[in-house]
Amino acid sequence: MMKEAYEVYPSRLRIYMTTIVFILFGLAICGVVFTSTWLIMKILAIAFGLLFFYAAFETAVKGHAKRPDYIFDDQGITDNTQEPAVVVPWADILKIEMTPNNAVMQIGILARKTVISQDEKNVGLTRNLVSNGNMAFYSIMIDGFKFRQKQFLNIFEELQRQGVKHNPSILVNKVLEKKR
């Protein structure tokens, strides 16, 4: 059987638009330097402008990465947005849900993991495990802001298709915004 992998990359158009917006904000804020105001205001403007330029740089670099943000295959869901990358097996996934969040849609993936090894535990996780019967929960949030609408809906449909194929007990929920 051939391995069926679905790779998810952010929309180049969204990356370009976000980068341009950050650059424009950076330029606008740095424009305070050319006004007659206090020196401290000019220094703060340059500092905030540099933060926007840094955000533009980071957005552009992440948008042109050769590695996909997410991979859905026979193994499960690989989340490359984390360092190191996290692979969540289909058997551990409890729920896949598309929900509105402020201005964009999100896909939430909730998974469980039974922690056996002491090496996997830290102080925060230990408290979580005690209150949840030795179960740790992991969630992946795929933000719709990085994707165009059709691409985002395709991502959800592929998650639904592969999730049901590999683990029929996964709860799949699609919540759409109500038109007002």
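Strands are DSSP runs of E of at least two residues, numbered from the N terminus. Valine 88 lies in one of them, strand 4. The model described here is predicted.

The chain contains 4 helices and 8 strands. Along the sequence, these elements follow the pattern β-α-α-β-β-β-β-β-α-β-α-β. The chain has 180 residues, and buried residues make up 30% of them. Contacts between residues at least 6 apart in sequence were also examined. Of these, 61% join residues at least 24 apart.

Helix 1 spans residues 12–30, and helix 2 spans residues 39–63. Their axes come within 8 Å. The crossing angle is roughly 165°. Angles over 145 degrees count as roughly antiparallel, and helix 1 and helix 2 are therefore roughly antiparallel to each other. Their crossing is left-handed. On the helix 1 side, the contact is made by Arg12, Ile15, Thr18, Thr19, Phe22, Ile23, Phe25, Gly26, Leu27, Ile29 and Cys30. Helix 2 contributes Ala45, Ile46, Phe48, Gly49, Phe52, Phe53, Ala55, Ala56, Thr59, Ala60 and Gly63. By class, this contact has 15 nonpolar, 6 polar and 1 charged residues.

Glycine 26 touches Gly49, Phe52 and Phe53, with residues up to four places away in sequence not counted. The C-alpha atoms of glycine 26 and phenylalanine 53 are separated by 5.8 Å. Along the chain, the two residues are 27 apart.

The largest nonpolar core has 21 residues. Within this core, the residues with the most contacts are Phe72, Ile93, Ile96, Ile107, Ile109, Ile142 and Leu159. Several elements each supply at least two core residues: strand 2 (70–73), strand 5 (93–101), strand 6 (104–114), strand 7 (135–143) and helix 4 (149–166). Isoleucine 96 shows how such a residue is surrounded. Leaving aside neighbours within four places in sequence, isoleucine 96 is in contact with Trp90, Ile107, Gly108, Ile109, Phe156, Leu159, Ile170, Leu171, Val172 and Asn173.

Asparagine 173, one of these partners, lies in strand 8 (residues 171–174). Asparagine 173 is partly exposed, with a relative accessible area of 28%. Apart from residues up to four places away in sequence, asparagine 173 touches Ile96, Glu97, Met98 and Phe156. Its C-alpha atom is separated by 9.7 Å from that of glycine 108.

Glutamate 158 is placed in helix 4. Its relative accessible area is 12%, and glutamate 158 is buried. Glutamate 158 touches Glu4, Tyr6 and Phe72, not counting residues up to four places away in sequence. Phe72 is among the core residues with the most contacts. The C-alpha atoms of glutamate 158 and phenylalanine 72 are separated by 8.1 Å. In sequence, the pair is 86 residues apart.

Valine 88, in strand 4, is likewise a buried residue, at 6% relative accessibility. Leaving aside neighbours within four places in sequence, valine 88 is in contact with Gln75, Gly76, Ile77, Ile93, Ala111, Tyr138 and Ile140. Ile93 is one of the core residues with the most contacts. Valine 88 and glycine 76 are 12 residues apart along the chain. Their C-alpha atoms are separated by 5.5 Å.

A cis peptide bond joins glutamate 83 and proline 84. Omega at this bond is about -10°. Most peptide bonds are trans. Proline 84 is found in the loop between strand 3 (76–79) and strand 4 (86–88).

Conventions. Residues numbered from 1 in each chain as written. Predicted model: local features only at pLDDT ≥ 70, side-chain atom pairs only at ≥ 80, totals over all residues. Heavy atoms only, no water. Axes fitted to C-alpha atoms, helices over the stretch in contact; angles between N-to-C directions. Parallel < 35°, antiparallel > 145°, perpendicular 65-115°, else oblique. Left-handed = near helix turned anticlockwise from the far one by under 90°. Contact = heavy atoms within 4.5 Å. Nonpolar A, V, L, I, M, F, W, Y, C, P; charged D, E, K, R; others polar. Core = buried A, V, L, I, M, F, W, Y, C linked by side-chain atoms within 4.5 Å. Buried < 20%, exposed > 50% of the residue type's maximum accessible area, 1.4 Å probe, protein only.
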